[in-house]
Amino acid sequence: MWWGLICAFFAACAYGVASVMQAIAAKATSGAEDRVDPRLLVRVLRQWKFVAGLALDVIGFVAQVAALRVLPLFVVQAALAGSLAVTAVAARALGVRLGRREWTAVAVVCAGLALLGMSAESEGSEPTGLGFRLVLIGAVVVLGTAGMVAGRAARRIRTPALGLIAGLCFGVVALSGRALTSLAPLDLLTDPATYTLGVAGALAMLFYATALQRGSVTTSTAMMVIGETVFPSLIGVLVLGDTTRPGFAAVAVVGFALAVSAALALARFGEPAPIEPVSAQLG
């Protein structure tokens with residue numbers, strides 16, 4: 001179980017640094033203002049910061065899948081929400097100052113994740129069946145359609161809606177990773193979960209990049225955190241049989257609440273603020 005926790009925390013670190021690089025690239029890229037523009041992904045892929053962030057995402061995802069094979073979804077997804085603490089610290093290296101509130105939130109994230117680690121029961125990898133995979137396919141279709149519709153909504157609705165839908169897509173990625181029973185190449189090619197994982201991941205990046213490009217970073221990231229943590233965690237507990245160690249259910253609930261609420265407090269670090277030139281600071 002402990003190596004699963006290490007993998008989850010490593011994934012959070014990789015995702016945290018990647019989000020800084022990708023958000024900068026998204027803000028610097030033009031796109032259609034009145035809809036979700038799939039060509040946005042093509043444009044951001046021309047920027048080395050986004051590509052480097054994507055490489056970190058791949059590394060983080062491998063670690064996430066490894067963690068999902070031995071840990072409950074609520075532990076892994078809360079750890080990934082904690083990547084915002086990593087993002088906040090990484091943003092500091094780029095010139096963004098953290099106040100007392102931010103440092104407190106970083107500490108609370110760490111405390112919440114520590115409580116979750118104490119309460120986690122090793123899950124192993126349990127088969128989910130074809131029915132579960134068909135539901136994931138339906139979820140991808142529904143979320144993809146909802147994201148395109150949200151992209152045409154008014155600005156006050158569009159940003160939180162796209163952030164939430166992106167988070168739900170990331171949740172489908174986690175559920176698909178949990179559904180994988182084998183990482184052998186032939187098994188991956190014949191498993192529908194492999195394809196829902198890939199499509200949901202692409203949709204999540206598109207919707208989140210669109211939300212970051214056009215709206216409030218804090219709103220977009222906060223809604224994404226809610227979507228990617230609460231939804232898959234509930235599915236894990238209600239459908240997949242995720243449990244805690246005997247007598248540690250309350251500890252897990254407190255740890256989850258602390259980690260997610262503190263991550264929401266750090267939502268503005270979904271993108272670091274631009275660094276002012278030295279001349280502007282002096283003048």
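Which helices each supply at least two residues of the lining of the second largest pocket? They are α11 and α12 (249–265), where helices (H or I, at least four residues) are DSSP runs numbered from the N terminus. This is a predicted model, in which local features need pLDDT of at least 70, side-chain atom pairs count only at pLDDT 80 or more, and totals for chains, interfaces and linings use all residues. Residues are numbered from 1 along each chain as its sequence is written, and side-chain values use heavy atoms, with hydrogens and water left out.

**Second largest pocket**

- A pocket is an open set of points on a 1 Å grid over the protein atoms alone, where a 1.4 Å probe fits, with protein on both sides within 12 Å along at least five of seven lines; lining residues have an atom within 4 Å of a point.
- The second largest pocket holds about 250 Å³ of space, a volume being the space filled by probe spheres set on the points, which are joined across faces, edges and corners.
- Its lining includes F74, V230, D242 and F256.
- This lining divides into eight nonpolar residues, three polar and one charged.
- Ala, Val, Leu, Ile, Met, Phe, Trp, Tyr, Cys and Pro count as nonpolar, Asp, Glu, Lys and Arg as charged, and the others, Gly among them, as polar.

**Largest pocket**

- The largest pocket has about 720 Å³ of space.
- Of the 32 residues that line the largest pocket, Y15, D57, F170, G201 and M205 lie nearest its centre.
- Helices that each supply at least two residues of this lining include α1 (2–27), α4 (73–81) and α8 (155–179).
- With eight residues, α10 gives the most to the lining of the largest pocket.
- The lining of the largest pocket is made up of 21 nonpolar, nine polar and two charged residues.

**D191**

- D191 sits in the loop between α9 (185–190) and α10 (192–214).
- D191 counts as buried because its relative accessibility is 8%; buried means under 20% relative accessible area, exposed over 50%, and partly exposed in between (1.4 Å probe, protein chains only).
- From D191, the side chain reaches the backbone nitrogen of A193 at 2.9 Å.
- Leaving out residues up to four places away in sequence, D191 touches R133, A179, L180 and T181, with contact meaning heavy atoms within 4.5 Å.

**R46**

- R46 lies in the loop between α2 (39–44) and α3 (48–68).
- R46 is exposed because its relative accessible area is 70%.
- R46 and A25 are 21 residues apart along the chain, and their C-alpha atoms are separated by 9.3 Å.

Methods: Polar contact = N/O pair within 3.5 Å; in protein donor to acceptor, adjacent residues only side chain to side chain.
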